[in-house]
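Q: I would like to go through a structure step by step. Could we look at it together?

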Amino acid sequence: MLRNDVGIFTEKGGTIGFLLHKSGIVVVDSQFPEQSQHLITELKKKSEQPFKLLINTHHHGDHSSGNISFKGIVEHVLAHENSKKNQEVSAKAQKTEDKQLYPDQTYTDTWCEKAGKENICLYYYGAGHTNGDSFIHFEHANIVHCGDLVFNRRHPYVDRGAGANMKSWIQVLDKAINKFDKKTIYVFGHSGTGYEITGNTDDLEKFRDYIGNTLKFTESEIKAGKSKDDILKATSIPGSEEWKGDGIQRPLGAAYDELTAK
Ligand SMILES: [Zn+2]
Ligand SMILES: [Zn+2]
């Protein structure tokens with residue numbers, strides 16, 4: 001549990017958030033089918049209430065393929081309208097349509113609903129990690145689930161095929177930093193080895209700067225005449241050296257493609 005009735009669960013995949021409430025349990029993201037089965041077992045030990053709502057921060061399989069475990073036991077599944085579209089497109093491409101539980105509710109800009117004392121709001125601030133990522137705010141507990149809009153000291157996946165955009169991502173993070181306050185606890189989709197899956201405004205600012213530094217570095221390398229292959233050989237992002245480990249080619253490649261797109 002993090003604060004009030006809001007907690008987190010993680011086994012494999014993007015961090016799951018949950019709200020235990022008298023009016024029902026709310027879950028944010030579902031990891032994979034096996035993990036969501038474990039989650040359901042654990043939550044049933046903590047609460048006798050029904051599963052009221054499952055929210056997906058976005059469509060990626062490490063956040064939504066566990067949805068299927070909630071089939072028949074959850075009242076509603078909710079995500080941004082683009083997240084639902086992306087989930088349908090990628091399930092079709094991977095021929096996993098029979099393993100999906102799609103959102104039956106979607107929204108475009110903002111969505112809010114009361115759950116007793118708690119007020120749950122979803123915000124869509126534009127393209128970032130994909131074109132369908134939501135911030136989920138449990139207002140009373142003041143906890144914001146960021147999904148994959150924040151990778152804490154870990155190189156992010158940038159899903160350009162699903163509408164990701166790094167320049168826009170910076171603005172998305174700025175909007176969140178302005179919207180939520182200093183006491184907010186943020187939940188991150190993923191973190192680097194030795195780093196927490198929760199944090200504060202400072203962590204959001206650092207990640208926003210990391211995205212900016214990645215674009216800046218890539219742009220200067222392009223101007224210096226470097227090829228994409230050469231740029232991908234970099235081992236750290238100047239100004240954001242805290243981001244270590246594997247996967248640096250993903251943001252660098254995405255930055256290159258975004259900056260050279262016609
Ligand atoms: Zn993820
Ligand atoms: Zn993702």
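Q: What phi does Gly116 take in the hairpin of β7 and β8?
A: In this predicted model, Gly116 takes a positive phi near 65 degrees, in a hairpin with two residues between the strands. Strands here are DSSP E runs of at least two residues and helices are H or I runs of at least four, numbered from the N terminus.

Q: How many bridges pair strand β7 and strand β8?
A: Six bridges, in the antiparallel sense, join β7 (residues 110-115) and β8 (residues 118-123). Two strands count as paired if DSSP finds at least two bridges between them. Cys112 has Cys121 as its bridge partner, and Lys114 has Asn119.

Q: Which strands form the open sheet, and in what order?
A: The order is β7-β8-β9-β10-β12-β14, six strands with mixed pairing. β7 and β14 (198-199) are the edge strands, each pairing on one side only.

Q: Before we move on, what are the ground rules for the numbering and the values?
A: Residues are numbered from 1 along each chain as its sequence is written, while chains are lettered from A and ligands numbered from 1 in the order in which they are written. Local features need pLDDT of at least 70 and side-chain atom pairs count only at pLDDT 80 or more, whereas totals for chains, interfaces and linings use all residues; side-chain values use heavy atoms, with hydrogens and water left out.

Q: Now the metal: which residues are the protein donors of the zinc ion (ligand 1)?
A: They are Asp62 (OD), His63 (NE2), Asp148 (OD) and His190 (NE2), at 2.1 to 2.2 Å from the ion. Donors are N, O and S atoms within 2.8 Å of the metal (3.2 Å for Na, K and Ca), and sites may look incomplete because water is not among the atoms.

Q: What links the zinc ion (ligand 1) and the zinc ion (ligand 2)?
A: Asp148 bridges the two ions, which lie 3.5 Å apart.

Q: Are His63 and His190 buried or exposed?
A: Both His63 and His190 are buried, meaning under 20% relative accessible area; exposed is over 50%, and partly exposed lies in between (1.4 Å probe, protein chains only).

Q: Which residues of α1 are buried?
A: Gln35, Ser36, Leu39, Ile40 and Leu43 are buried in α1. They lie on the same side of α1 because they cover an arc of only 140 degrees around the axis, taken from the directions from the helix axis to the C-beta atoms. On the other side of α1, Glu34, Lys44 and Lys45 are exposed.
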